[in-house]
Structure formats: C-alpha cells, structure tokens
There are 2 protein chains.
Amino acid sequence: MAPSVVPFGRPRGERADAARNRELLLATAREIIAEHGVAKVTMDGLAERAGLGKGTVFRRFGSRAGIFRALLDADERAFQQRVLAGPPPLGPGAAPVDRLVAYGRARIAFLLDHLDIARAAHDRDRPVAVAADATQLHIRVLLDQAGVRMPAMEGVAVQLTAALEGPLLLTLSATENLPLLEPDAGRMLCDGWAALIERIVR
Amino acid sequence: MAPSVVPFGRPRGERADAARNRELLLATAREIIAEHGVAKVTMDGLAERAGLGKGTVFRRFGSRAGIFRALLDADERAFQQRVLAGPPPLGPGAAPVDRLVAYGRARIAFLLDHLDIARAAHDRDRPVAVAADATQLHIRVLLDQAGVRMPAMEGVAVQLTAALEGPLLLTLSATENLPLLEPDAGRMLCDGWAALIERIVR
DNA sequence: CAACTAAGCGGACTTTACCCCGCTTCTATT
DNA sequence: AATAGAAGCGGGGTAAAGTCCGCTTAGTTG
C-alpha cells in the first residue's frame with residue numbers, strides 16, 4: 001500500500017527553512033536595491049545583511065544574475081497573468097492586432113520599469129533565452145489569429161521578440177547618465193512597435 | 001610663428017611604443033582565442049603572455065570587454081567597407097529592398113562568425129549601443145530609398161536593428177551546448193529577415 | 001645633444017563572484 | 001519519540017576584473 005499520497009515522483013520539493021530563507025534573501029535584495037541601487041547588491045553584502053552565509057545565497061540562486069532573475073520572476077508572472085486573463089485589449093477579448101499592439105506597449109512599459117533588474121538578470125555565459133520566451137509564443141499565437149501567413153514564421157517570431165525586448169536590454173544606457181531620454185524612448189518604441197505591426201498585419 | 005604643423009588641436013596622439021603594445025596585445029588575444037577560446041582570455045593571462053604588465057592592458061582597452069570591442073572593430077570596418085563600396089546587392093547598385101535583404105543576410109552571417117567575440121564585447125554596465133549603430137543608419141537610409149514612409153521611423157529603425165542583431169546577442173547559447181543548432185539558426189533568421197522586410201516594404 | 005614633460009608602464013592591492021566540503025537541521029518513517 | 005539520510009548551511013578559499021601610484025621612457029624643444 002501507499003505510505004504517502006505521492007510515493008515518488010517529484011524529488012521531494014523545497015524544504016521549509018530553505019523557502020523561508022529564499023523569501024528573506026529576496027526581500028533583503030529588494031531593500032538594498034531600493035536604498036542603493038542594483039549595482040550595490042553583492043553576494044557577501046546580501047548574505048551578511050540577511051544574516052546568512054554566502055554559500056546559502058549561491059545554493060538558492062546559483063549566481064548573482066539568478067537573484068535578479070528570481071526578482072523579475074514574480075513581476076513577470078503578474079504580467080503574464082494580465083495578458084492571459086486581464087481586461088482587453090491586453091487580455092483576451094480584443095482583436096488580435098489590437099492585442100499585439102497592446103502587448104508591445106505593456107511589455108515596453110514593463111521593461112522600462114524593470115530596466116536595471118532585467119539587465120542584471122543577464123548572465124554573461126547564459127544570456128536570456130529570448131527564443132524560448134513567453135513573448136515569442138504570444139506573438140506567434142496572435143499573428144496566427146490575426147490571419148498573418150508568411151514564410152519563415154519561425155525566424156520572424158524570434159526577430160519580433162528581439163525587436164520588442166532587444167532595444168531595452170541592449171541599447172539604452174540604464175546607468176544614470178540618461179534619466180531624461182528614457183520616457184521619450186518609451187514612447188518612441190511604442191509608436192515604432194505599433195507601426196511595425198500595422199505594416200505586417202495589413 | 002608656428003613651430004609645428006599642428007600647433008595645438010588634437011591632444012598629441014598615441015605614442016609609438018603604445019601603438020606597438022596595442023598590436024601585440026591584440027595579436028596575443030587572438031592567439032589565446034584560437035587556442036583556448038574566448039573564455040580563457042583573462043587580463044592577467046593576456047598581460048603575462050604578451051610580456052607586459054596588467055596595468056598596460058587596462059590602460060589600452062579600459063576593460064575586458066574593450067579588448068573584444070577592439071578585436072571586432074577591425075572586422076567590422078571591413079564589413080562596412082563591403083557595404084559601402086563592395087559589389088551589389090550588398091554594396092551600392094542594387095534596388096534598396098534587395099540591399100536590405102542582402103544586408104540582413106550578410107549581417108547575420110557576420111554575427112554568427114563572430115558570435116563569441118561579439119558577446120564578450122558586451123560590457124555589463126555599458127551595453128552595445130544598438131541605437132547608434134551603423135546598422136541602424138543603414139536600415140533607415142535603405143528604407144527611405146525604398147520609398148517606405150511610415151510613422152515613428154525612429155522607433156522602427158531601432159527595432160529592426162534589434163531584430164537583426166538581438167537574436168544572436170541575446171538568445172542563442174553560444175557556449176558549446178548547441179553546436180548543431182546554429183547553422184540552422186542562421187538560415188532561419190535570414191529567411192525571417194527577408195520575410196519581414198518583404199512585408200514592410202510591400 | 002641635453003633637459004624636460006607628458007604619456008606610458010608595471011605590479012601590488014582591493015573587490016567580488018563563485019567553489020567546496022564538513023557540519024547542522026529538517027522531515028519522513030517506524 | 002527516535003532515527004536515518006537527504007537537504008541545507010556556512011564561511012574560508014580561489015580566480016579574475018579593475019584601481020592606484022611611483023617609476024620609466026619616448027618625443028619635443030632650445
């Protein structure tokens with residue numbers, strides 16, 4: 001007979017103290033970011049402030065970038081929720097084209113909001129997998145629903161994803177030298193995206 | 001009277017020994033890359049192998065990424081030369097649309113050829129300035145010549161640049177786990193680019 | 001050709017990401 | 001409640017980027 005509801009299958013799940021420590025570390029990281037900015041988040045500093053060992057931080061997040069990936073993840077989930085189940089035009093219910101445009105606007109705003117964290121989430125040796133992103137899937141589905149049929153959808157989807165995410169990850173200097181340029185950059189990119197989609201769908 | 005042809009103006013130019021050392025360092029870096037790969041290029045290792053001090057390396061290139069930027073620069077110049085004065089359709093003489101497609105193909109091939117160096121040329125705090133890139137200017141000019149008139153050309157040009165350069169810089173895992181995927185990735189992206197341009201221009 | 005000066009050089013020093021491995025603590029099981 | 005064994009923890013150790021500053025040298029000037 002089965003001594004447990006799940007005899008074996010998943011490899012046991014995270015231990016309670018580990019989960020607690022993860023939350024503690026993320027909260028501490030958010031504090032440091034709020035107070036001193038992304039650049040001041042160091043592994044030793046974070047561990048010390050959280051009252052934990054450095055090894056623990058690495059065990060939880062794997063690398064410095066991993067911390068920022070984890071921080072992004074929560075907001076990213078919320079964002080995807082708005083896309084999958086929120087009000088139109090971002091959520092379901094609007095015309096596919098309108099949803100595409102709305103998605104671009106929302107995504108650009110999201111990235112602008114999370115610029116430094118998103119940047120810091122990059123790992124030198126394992127860059128963000130744009131190809132496998134939720135963005136790419138969403139774009140592909142909406143283009144299909146919009147009746148767009150074109151050759152090489154594979155590549156097009158990858159490239160549109162890069163068109164959306166790339167400029168903010170590759171280009172705009174997030175540091176602190178252009179605090180004024182960026183609001184304009186957001187509008188510029190939103191308008192560009194809308195124009196691009198309009199051309200492609202038409 | 002003027003004791004020199006250029007009394008003052010440029011702040012003197014690079015000293016001969018400095019130039020010699022720069023060349024030496026670049027050549028040494030190329031050697032290390034050829035023998036052991038990009039990851040094995042370290043500042044200490046490079047300095048030692050070149051028989052120079054570490055300070056010199058930093059003075060010349062500013063940062064590790066700077067070395068790779070310098071390495072790319074030479075090839076990048078040659079590439080731009082082919083674009084500006086080479087045979088059509090990449091060079092002048094072909095129809096703008098054909099040149100756009102050819103540019104994309106050539107650029108993707110170029111980036112694939114230089115993938116790891118281009119990646120390493122990224123600086124965490126000062127990412128590649130896609131917005132100010134030669135690619136962006138070229139795309140803009142060719143779209144204009146092709147008679148494409150659309151709102152928000154500003155943003156569109158930035159995004160098309162990212163569509164071209166982004167996937168290879170952000171996405172494809174350059175490390176060594178996908179040695180087979182990449183030739184296909186090149187074709188996929190080339191076809192995607194052609195389809196994208198065809199849609200936009202039409 | 002001698003002196004002068006700005007540019008260049010070297011390498012010790014600091015900081016930080018990341019590894020390692022013996023010890024501790026949790027949790028499932030009896 | 002006791003126990004086994006896996007998961008987690010800690011912090012010292014390593015490697016590599018980047019900084020600093022006193023010494024050296026190329027190139028200019030008289």
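Me: Which element gives the most to the surface near DNA strand C?
Reply: That is H3(B), which gives 4 residues to the surface near DNA strand C; here a residue is near a strand if its C-beta atom, placed from the backbone, lies within 6 Å of it, and helices (H or I, at least four residues) and strands (E, at least two) are DSSP runs, numbered from the N terminus.

Me: Before we go on, what kind of model is this, and how are things numbered?
Reply: This is a predicted model, in which local features need pLDDT of at least 70 and side-chain atom pairs count only at pLDDT 80 or more, while totals for chains, interfaces and linings use all residues. Residues are numbered from 1 along each chain as its sequence is written, with chains lettered from A and ligands numbered from 1 in the order in which they are written.

Me: OK, how many residues surround DNA strand C, and which are the closest?
Reply: DNA strand C is surrounded by 26 residues, and the closest are A:Ala16, A:Thr42, A:Ser63, B:Gly53 and B:Gly55. Two or more residues of that surface come from each of H1, helix H2 (43–50) and H3 of chain A, and from each of H1 and H3 of chain B.

Me: What classes of residue make up the surface near DNA strand D?
Reply: The surface near DNA strand D has 11 charged, 8 polar and 7 nonpolar residues, where Ala, Val, Leu, Ile, Met, Phe, Trp, Tyr, Cys and Pro count as nonpolar, Asp, Glu, Lys and Arg as charged, and the others, Gly among them, as polar. For DNA strand C, the surface has 11 charged, 8 polar and 7 nonpolar residues.

Me: Switching to the protein, how many helices and strands are in chain A?
Reply: Chain A has 9 helices and 0 strands, and buried residues make up 33% of its 202 residues; a residue is buried if 20 or more other C-beta atoms lie within 10 Å of its own, exposed if 12 or fewer, and partly exposed in between, with C-beta atoms placed from the backbone.

Me: How many residues of chain A are in contact with chain B?
Reply: There are 34 residues of chain A in contact with 34 residues of chain B, where contact requires the C-beta atoms, placed from the backbone, to lie within 7 Å. On the side of chain A that touches chain B, helix H8 (153–171) and helix H9 (181–201) of chain A are the elements that give two or more residues. H8(A) gives the most to that side, with 13 residues, and by class the side has 22 nonpolar, 7 polar and 5 charged residues.

Me: What is the peptide bond from A:Pro88 to A:Pro89, cis or trans?
Reply: The bond from A:Pro88 to A:Pro89 is cis, with omega near 5°, and A:Pro89 is found in the loop between helix H4 (64–85) and helix H5 (96–113) of chain A. In chain B, a cis peptide bond joins B:Pro88 and B:Pro89, with omega about 5°.

Me: What about phi of A:Ala152, positive or negative?
Reply: A:Ala152 has a positive phi of about 60° although it is not a glycine. Most residues other than glycine have a negative phi, and most peptide bonds are trans. A:Ala152 lies in the loop between helix H7 (134–145) and H8 of chain A, and A:Ala152 counts as buried because there are 20 C-beta neighbours inside 10 Å.

Conventions
Contact = placed C-beta atoms within 7 Å.
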